[in-house]
Every structure is written in structure tokens, then in C-alpha cells.
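Here is a short report for a first look at this structure. Please keep the sequence and the model open as you read.

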Amino acid sequence: MVTVTSEQLHRPNHESEVTPVNQPGTASRPAVSISAANTTDTAGHQPTSTVPVMELDGVSVFYGDYEAVRDTAMPIQEKQITAMIGPSGCGKSTILRALNRMNDLIPGARVAGSVTYHGQDLYAKDVDPIEVRRRIGMVFQKPNPFPKSIYDNVAYGPRVTGMKVDNMDDLVEKALRDAALWDEVKDKLKSSGLSLSGGQQQRLCIARTIAVRPEIILMDEPCSALDPIATAKIEDLMFELASDYTIVIVTHNMQQAARVSHYTAFFTAEVDEKQERHGRLVEFSQTGKLFTNPADKRTEDYITGRFG
Amino acid sequence: MSAPTLTSTRPDPSAPGAALTQRRSRPGDLAFRLAMQACLVVAFGVLTGLLTWVLIKGWNRLDSRLWTEMPTGLTSRLDGAGVQSALVGTLWIISLVAVICLPIGILSAIYLEEYADNTRWYNRLLELNIQNLAGVPSIIFGILGLGIIARALGFGFTITTAAIVLSLLVLPVVIIATREAIRAVPQSIRQASYALGATKWQTVSRQVLPSAVPGIATGSILALSRAIGEAAPLIVLGAVTFITFNPNGLDSAYTALPIQIFTFITRPQAEFTELAAGAIVLLLAIVLAMNSIAIFVRNRFEKRW
């Protein structure tokens, strides 16, 4: 396990103490269950760990005055795949971006509540979002390789983060191998990343992300632009990666969540008394339990295809 | 119930094959097409007419004398005259303009596009003013330069003054072109870079700028081409009617091709007009060469996503 000392996340020239944030929970909380798995489960993988690397508590995300997601609480377990599912507009991608402060890049976006990473508040004043993103990488919905060579795509992260690299060629090869792309590209490392097929591009983006050795990889609907074969490859890859990395994946595809994840969070969109629509976490539990024995009626309706 | 028919205006809807055959051209389509073609002919015709006229007029003077000999004011010496000092002056000015205005313009554009917070009133005011500046007549820049740069700041009637004023004149063009180029870089590239832990400057310098280079280069060269043809501000900035020496430094007196052309044209003798036509062809050749470079750069380095 990677141990992160309190200084690491902080701006280098800024000494400060970390105050552990532990906000008391509010009343109406979604059903969060990380208890032992139901042995009759058919969906999902048996969790092998229940050590949370991240915890969300009372997390709301605002765009300007609009509250896009309200009061989310869930853990992210170490070296497990956590899936976020739910209908469009339920805020799952918004929550995902709150986990590595990508929301900072959206003007007017604001996160309330506490997101902790190894006990440190990610949104504390002295936390450097650059450092956060070096540890918590992200793969996007649409493959977005840089308009550079395959090699440079992978080497970009280590270069900009100033990683100490003995041999960049080895690092690039390792990352590409880990992303199950090496055999397909080893003879054309100098050609443009954009010359690859969509599925290959997405695996290149994964290789690029793991090249900086993050602890957590966030994936925002990584397969939605891919065909079923490419999707299957990415899913296989996620299994492989889960032995070394903590993965959080947002997906529209319930079957995908059921196939790959250990834990699943189900979000939905609600309309409140002011007629404002906002996302809410309905249920979080082990994937097997959520798909076979959901605690909430709305989860059941969704997974049985009655809405969404 | 039958499906709504799309062929009601066509002959014999009962024959399925006939319904797809092309009807005679619609009159509206035809009229619009003719109008567009007429506009094209006018625009292109005027340009070709002017070019041909200038070429014919200046044909006799299109030789090496143009750039090896100095201008003259005397009809008797016209045979051995050229526009060398004006050509050298123009090259001096344009190089200086590039040195002054490209860094300022490109950095301003990067700031406005990548760093400035658009919700702040002062940034919006800046943007509005840059748009407005692009539309200010060049003679106004000339007068401003005369008052502030030549007189108040004491740069005098020198090449430096001319270059500073022309830089100010084309700065908005460079800024606007650069901003367009930067804006054309997809947001997903920036996000990918940030998600890997790159800083803002790393993202801008390693991803955004390289991708925007073709657009920036094209816009910059076109802006410089505009500066090359400007005569109005130089008239008030002490570009002399003709000089028989080449400028030799930043504080040198100077003349430039547009000014030289203007001077020749105002002379009554036909020989001067001829020399002016030759100089016009030379100026056009420089501008065309620069535009070709712009097109080459754009095609060579264009990125596709």
C-alpha cells in the first residue's frame, strides 16, 4: 500500500497541519452497506479489501448556484473497482470529477462537504490540486490522446510531473504492457497516437495514466465510445489493473458495472420542492448485493429496467 | 393510410422511377447562384484588372535596378534609379514589427484565453477594447505615434517609431488570430494534461501552444502583411519622400515602399509613374511571398483531431 504523508499533497513551500475532517452525518442518508457479501451473489466480484482510500461525506457539488449533486456519502475501497451507475444527469460524472479536483477547471464549480484521501481533506485550502491529480488519475469518456507520438503520449506524464525515471523506454514499455497495448504498438511507437483505433486510443490513454503510477484511476464512461470487442478488452484490463490500482468507474451500462465492479453506487436524479433537479446517491453496496438484493425500491426499479 | 408523398409536384407520381428524376432547376436556386457568381466575377475581375494594369505599366522597370539603385527626385537621373532604400526600410520596419508585436500579441492572447477570468469586468473591458482597436483607422495610430512616441517619448522620426506604431496597429489582429487558434484546441487535450498532474503552464506550453502554432503563425504573418502595406501612419511619422541611403540603425531616418510609391505617383512625369508601378509589383511580391509562407505553415503543421 502506498503511504501518503500529510506533506505530500500539499504545496511544497507551504507548511501546515492537516486537520482531519470528520463531519457528522446528516439525517437522511442513503443505504450504505459494505457488510459481508451475500454468498449467493452472481453479479460482481467478491471484494478482497475493505480499506477505504477515499471517503465522501456530505458531498454536494455546485455549478454556480445550482446544486448538481446533493449530500453524497460513500467510501472508495483500496484496490477494488467501484462503479457509479444511474440515469443521465444524476451527477455521477460530477462526483467522479470531484474526486481529483477536475471540477476546479470548470468556472463556478464548487464542492461542499468532505472528500478525504487517506484521511486528508482534498479540498483543504493548502492542498495542491496538481499533487492530487498526480495521485488520482483520470481516463475520459472520449479517447483523447495528445496529438503526439504514442511514445510521447505515455512519457508526457512522467516528464511533466518530474518523476525520477532511470530509463524512459522501459517505463513506456511497462505502461503499454500494463495497458495491454504493447504488442499492438511496439513497432510504431513513433507514430501519432491519433493513428490508432478508438479502442487502442483508449488503452493508450490508460497507459498514459498509469505511467505516472497513480494510486487511484478514475474512469468516466471509458467504453461509451467503443465497440463491444474494444469494450471487452478494456474491461479485462480493468480486472488486471485492480490488483495494483483502485479504480472508480462511471458507466451508463449496468451490465458493465455488474461484470467488472466490486462495489456499486447507484445515483438518480430527483426534483426537489423548488422544482430543481439534482443528483443523489440512492444506494451504495457490494455489487453482488446491489444487483440481486437492492435495499432501495428505486435501485430495484432501475436495475430491472423499469426506468432510466 | 398512405405515407405522405414527397412527389406531389412532380410529373406522374404513379411511376416510381420517374418520381426520382431531376426536375428542371428551381428559379430561386438559379437566381441566387447567378448572383453569387456575379459577385465573384466583380471581386476577382477588379483584382486581376489592377494587377494587369500595374504589371503592364511597370514592365519596363521590372529589373534588378529596382532593388540595386537608390531613388531620385530628378527626371534626368531616373534611368539609373530604383527603390533600394525604401525596400531596405520596409524590411527593417517589418522585422522590428515582428520582434515587437508577436511576443506581446501572442502572450496577451494566451493570457486572455487561458488565464483571464471572463466573469471579471476588467477582462471583458479589455476584450471589448481589443476588438475596437482592430477597427481604428491607421492614421489615428499615426497621429498617436507622432504625439506620444515620436515627441513625448522622444523617439523622433526614426525606424523605431515607425515600427512601434505599426506594431500597435496590427497588435489587435495578432491577438484575435492567436485567440482563435488557441480556442480551436479541444478542451479534452487540456483536461487530459491536467489529469496527469501537469500544471497550467505545462499544459499551455506543451499541449495548447504547439497545437495552436499553425493558426498563430498564419494570423501573425497576415498581420505583418498588413503592416507592410500601411502608408497612412508613416506619412505623419516622418517617413521621408525619398532618401538616397539605406537605414543603418534603429534611430535612422527611413522611408518605406508604400511611401516611396506615393511620392513617385504624385510626380507629373510618366517615368516616375512607371517606376512607381515597378515598386508596386515589388511590394505585392513581398506580400504574396509572406502569404504563401502562411499557407505553407498552415498546411504543413495543421493538426487534426
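Helices and strands here are DSSP runs, numbered from the N terminus; a helix needs at least four residues and a strand at least two. The model is predicted.

## Confidence in chain A

The mean pLDDT of chain A is 84. In this chain, 85% of the residues reach 70 or more.

Two stretches of chain A call for care. Over residues 1–7 the pLDDT is below 50, and beyond near neighbours in sequence this stretch has six contacts in the model. Residues 35–41 of chain A also have a pLDDT below 50; that stretch has twelve contacts beyond near neighbours in sequence. Where pLDDT is low, the predicted coordinates should not be read in detail.

## Strands of chain A

Start with β10 of chain A, residues 263–271. It pairs in the parallel sense with β4 (residues 81–85) of chain A, over four bridges. Here A:A83 stands opposite A:T264.

β10(A) also pairs with β11 (residues 277–286) of chain A. This pairing is antiparallel and runs over nine bridges.

## Two loop residues with positive phi

Most residues other than glycine have a negative phi. A:H118 is not a glycine, yet its phi is positive, at about 50 degrees. It lies in the loop between β5 (109–117) and β6 (120–121) of chain A. Is A:H118 buried or exposed? A:H118 is buried, because 20 other C-beta atoms lie within 10 Å.

A:R213 also has a positive phi, near 50 degrees, and is a residue other than glycine. Its place is in the loop between α6 and β8 (216–220) of chain A. A:R213 has 19 C-beta neighbours inside 10 Å, so it counts as partly exposed.

## Nonpolar cores

The largest nonpolar core has 85 residues. Those with the most contacts inside it are A:M84, A:V115, A:A207, A:L218, A:I247 and A:V248. Leaving out residues up to four places away in sequence, A:M84 touches A:K92, A:I95, A:L96, A:V248, A:V250, A:A265 and A:F267.

A second, separate core has 64 residues. It includes B:I110, B:F155, B:A256 and B:F272.

## Chain B

Chain B has twelve helices and zero strands. Its radius of gyration is 26 Å, while a compact globule of 305 residues would have one near 19 Å. Along its principal axes, the C-alpha trace of chain B spans about 90 × 60 × 35 Å. Of its 305 residues, 34% count as buried. Among contacts in chain B with a separation of 6 or more, 72% come from residues 24 or more positions apart.

B:Q269 lies in the loop between α11 (257–265) and α12 (270–301) of chain B. It counts as exposed because it has 11 C-beta neighbours inside 10 Å. B:Q269 and B:T75 are 194 residues apart in sequence, but 7.7 Å apart in space, C-alpha to C-alpha.

## Where the chains meet

The contact takes 20 residues from chain A and 16 residues from chain B. On the side of chain A, the elements giving two or more residues are α2 (129–135), β7 (136–139), α3 (150–160) and α6 (198–210). The residues on this side divide into eleven nonpolar, five polar and four charged.

Key
Residues are numbered from 1 along each chain as its sequence is written. Chains are lettered from A and ligands numbered from 1 in the order in which they are written. This is a predicted model: local features need pLDDT of at least 70, side-chain atom pairs count only at pLDDT 80 or more; totals for chains, interfaces and linings use all residues. Two residues are in contact if their C-beta atoms, placed from the backbone, lie within 7 Å. Ala, Val, Leu, Ile, Met, Phe, Trp, Tyr, Cys and Pro count as nonpolar, Asp, Glu, Lys and Arg as charged, and the others, Gly among them, as polar. A residue is buried if 20 or more other C-beta atoms lie within 10 Å of its own, exposed if 12 or fewer, and partly exposed in between; C-beta atoms are placed from the backbone. A nonpolar core is a set of buried Ala, Val, Leu, Ile, Met, Phe, Trp, Tyr and Cys residues joined through C-beta atoms within 7 Å. Two strands pair if DSSP finds at least two bridges between them. pLDDT is the predictor's confidence in each residue, from 0 to 100. The radius of gyration is taken over C-alpha atoms; the globule rule is 2.2 Å times the number of residues to the power 0.38.
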